[in-house]
Amino acid sequence: MPRIQPVNPRYRRIYHALRGPDLAVSEDVGMTLEDLGLATTGTSRGDLVFGTYSPEGLERALRAYGLFQRVEERVGPLELRVLTADPFQPRIILWSRRFYAPVADLELRRTTGAEVGLGDALAATPLLYLDSLLLQHPGRSFDWNRPPLPGQSHPGLKLAGHILDVLLLMARRIGAEALALTPSSFAAACVYDRRFLFVDGAAQGRFLALRQAGQHLPRWLHAWAVELRCMRDDAGQVAAFQSTPMLSPLTSRLGQHFDANAWDDALQLEARRPISLDEETLQRRFPWDRMPPGPPPERVAELLGYDPLSPVVAH
């Protein structure tokens, strides 16, 4: 089984130091149970996010991990917004008071293994599912040192690994046996790759083959080549990225799914398939209008056939 990067040891220590009361109620003087959403009339722990976190407790946890401060160092003052029309399907937003825009926006829910393709004894396994994840710096623009990835409107925060570590620990706290998600693109799957594996072994193999085929390319350009369907198999057909569920297991029971011979055999079969870049198609389809102004680096200009006099690349 490909190795999954473990959770940050410092975060694990903080996780054990945080207790239920730290996460469920506020320490603010003068706050009533009603203010906290914990009034006894018609309310219960079911009003908390996943029955565990009050908004104040969630912010307390983010500060304990140092994540809140890391984001503030990049974008300035933040406001935590927790939307809980359904406490078991929360939306968590870190809102920039400087840029009046979200810098982190997450949608989560509880589900089971059956939804992500686990069968038999694992079908009822409780999972924490990350429906969507946005991380961005709305005050920065792209340049040729950091061009946009497919789907990006602003540069990221370079905090995805930290966010995922905290979500893995949240999953453990609420009794889930894994954190699950479905990457929206090849670029997203490359971000998740260190902590997640595809539930389907063949999907894992196809992903590894695509990643191997673009090792000679800058990461951002490789992502565009896949997005623009410019990768080809040995028969000349498009080698497209297939978006299927990924898991980061928290128990040995779920980890055994990825140790099974059937999963590994499917991986090995697909990972051995040769894939190559169709440079001509990439040049023809490349989205110059979404790129930073000015000429690209020499290596990229040569690969893409950059012509500064062509109207195609005008901004």
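Is R91 buried, partly exposed or exposed? At 32% relative accessibility, R91 is partly exposed. The views below come from a predicted model.

View 1. The chain holds 12 helices and 9 strands. Its C-alpha trace spans about 70 × 50 × 30 Å along the principal axes. Of the 315 residues, 48% are buried. The chain exposes about 15,800 Å², and carbon and sulfur atoms supply 48% of that area.

**View 2. The salt bridge between D105 and R91.** The two side chains meet at 2.6 Å, N to O. D105 lies in strand 3 (residues 101-112) and R91 in strand 2 (residues 91-96), so the pair ties together parts that are 14 residues apart in sequence. D105 is buried, with a relative accessible area of 9%. R91 is partly exposed.

**View 3. The salt bridge between R211 and D193.** Here the closest N and O atoms are 2.1 Å apart. The pair links distant parts of the chain, 18 residues apart. R211 sits in helix 7 (residues 201-213). D193 sits in the loop between helix 6 (186-192) and strand 6 (197-198). R211 is partly exposed at 31% relative accessibility, whereas D193 is buried at 16%.

**View 4. The network of R109, E115 and D131.** Salt bridges that share partners join these residues into one network. The count of salt bridges comes to 11.

**View 5. The salt bridge between E79 and R81.** The closest N and O atoms are 3.1 Å apart. E79 is partly exposed, with a relative accessible area of 28%. R81 is also partly exposed, at 30%.

Terms used. Residues numbered from 1 in each chain as written. Predicted model: local features only at pLDDT ≥ 70, side-chain atom pairs only at ≥ 80, totals over all residues. Heavy atoms only, no water. Helix = DSSP H or I, 4+ residues; strand = E, 2+ residues; numbered from the N terminus. Buried < 20%, exposed > 50% of the residue type's maximum accessible area, 1.4 Å probe, protein only. Areas by Shrake-Rupley, 256 points an atom, 1.4 Å probe, with all protein chains shown as cover. Salt bridge = Lys/Arg side-chain N within 4 Å of Asp/Glu carboxyl O.
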